[in-house]
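Have a look at the fold before going on.

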Amino acid sequence: MNTAAVPASSRLVAYGCLALSMSLVGGYVALSKPLVAVFPVLLLAWLRFGIAALAMPHWLQRPPGEPPMSGRTRGLVFLESFLGNFLFSVCMLFGVSLTSAVSAGVIMASMPAAVAVASWIFLRERITVRIGLAIGCAAIGIGLLALTPAHAPPNAESPSRSSMPWLGNLLVFCAVLCETAYAVIGKSLTGRLGPKRISSLINLWGFVLSMPFGIWFALQFDFSAVRIGTWALLVVYALAASIWTVWLWMTGLRHVPAAQAGVFAVMLPVSAALVGVLVLGESLSSAQLIAFALALIGVVLATWPERRS
């Protein structure tokens, strides 16, 4: 897709949707740490999909003018949910339970490069010089963050939580691969379905996929011990993860190439780290601040209007 052919107003709205979507993802990734301390991960995933399903049943209806789904489209919807929704949630929730929110953000910063490579391989999208420079800024930021690991505040849970940080980091990287597939498959789906219908369909598949595990853990879980504040956080998490972020991402992706959209994934580690520092009390060094500045420079490079010949 040639972004110059897209009206400037539509392009700016698309950029805003993509940036807000990834910022919300980073926020709920960090805020999921208190939730995984209360709920088993697979139960939490099932509750998330279930709450969201109750909030958007009307989005499942096929709007007038939209053609019926083909077998290929149905398969893409399933893969979008299985890889980018179900597996992403499981890997991310298990991962953040074993590492810090800032560390998770560090690894998630590799997403722009991963999306650019995947879009080049599968969608045959051209990677321009500015997109390449933007990806380079993200890569340098990852290096700075990796050399300056974050430290969570001391508490009683720290020894058990950090006993296997390598496993948590590995799971978060698996989540990066899942989110990469989510971006590439989503680009294909936006040419066939509307953002609302995509959001509702992949959430419904996530609910079905997580149901056996969710019911198993629900039968053994004491729901009466959960505080009101935790329930409120769960509802916000479910709405943000399954409705707001998905709709915003699919809306923006309709007007932006997948490789360029992937650069906005740098907003995920930025927001995850900020929530980790401001809400969860984790530390943030000067090197990490420089890394996040490079991430924002990458976004500017990727979104700066092209010259028209």
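At what angle do helix α3 and α9 pack, and how far apart are their axes? Keep in mind that this is a predicted model. In it, helix α3, residues 71-98, packs against α9 at an angle of about 60 degrees, and the axes are 8 Å apart. The crossing of α3 past α9 is right-handed.

Who does the touching? From α3, the residues V77, F78, E80, S81, F82, N85 and F86 take part. On the α9 side they meet L201, I202, N203, W205, G206, L209, S210 and F213. Sorted by class, this contact comes to nine nonpolar, five polar and one charged residues.

**The overall picture**

Zooming out, the chain is built with 13 helices and zero strands. Of its 309 residues, 52% count as buried.

The average pLDDT of the chain is 80, and 84% of the residues score at least 70. Confidence is highest in helix α9 (residues 195-218), with a mean of 93. At the other end sits helix α7 (residues 158-161), where the mean is lowest, at 43. Over residues 150-162 the pLDDT stays under 50, and the model has 20 contacts for that stretch beyond four places in sequence. Where pLDDT is low, predicted coordinates should not be read in detail.

**The core**

The largest nonpolar core holds 58 residues, and F39 and W249 have the most contacts inside it. Helix α1 (residues 8-36) is the biggest giver to this core, with ten residues. As for F39, leaving out residues up to four places away in sequence, the list of residues it touches is L44, L47, F221, V226, T230, W231 and L234. In soluble globular proteins, nonpolar side chains tend to be buried together.

**Pairs that meet across the sequence**

| Pair | Separation in sequence | C-alpha distance |
|---|---|---|
| A19 and A261 | 242 residues | 8.8 Å |
| F207 and G50 | 157 residues | 6.0 Å |
| V256 and S10 | 246 residues | 9.7 Å |

A19 belongs to helix α1. Setting aside residues up to four places away in sequence, A19 touches F264 and M267.

F207 is found in helix α9.

Is F207 buried, partly exposed or exposed? F207 counts as partly exposed because its relative accessibility is 21%, and buried would require under 20%.

V256 is placed in the loop between α10 (228-253) and α11 (258-263). What is the relative accessibility of V256? The value is 0%, which means that V256 counts as buried.

Definitions and conventions: Residues are numbered from 1 along each chain as its sequence is written. Side-chain values use heavy atoms; hydrogens and water are left out. pLDDT is the predictor's confidence in each residue, from 0 to 100. Helices (H or I, at least four residues) and strands (E, at least two) are DSSP runs, numbered from the N terminus. Contact means heavy atoms within 4.5 Å. A nonpolar core is a set of buried Ala, Val, Leu, Ile, Met, Phe, Trp, Tyr and Cys residues joined through side-chain atoms within 4.5 Å. Buried means under 20% relative accessible area, exposed over 50%, partly exposed in between (1.4 Å probe, protein chains only). Axes are lines fitted to C-alpha atoms, for helices over the stretch in contact, and angles run from 0 to 180 degrees between N-to-C directions. A crossing is left-handed if the near helix is turned anticlockwise from the far one by less than a right angle, and right-handed if clockwise. Ala, Val, Leu, Ile, Met, Phe, Trp, Tyr, Cys and Pro count as nonpolar, Asp, Glu, Lys and Arg as charged, and the others, Gly among them, as polar.
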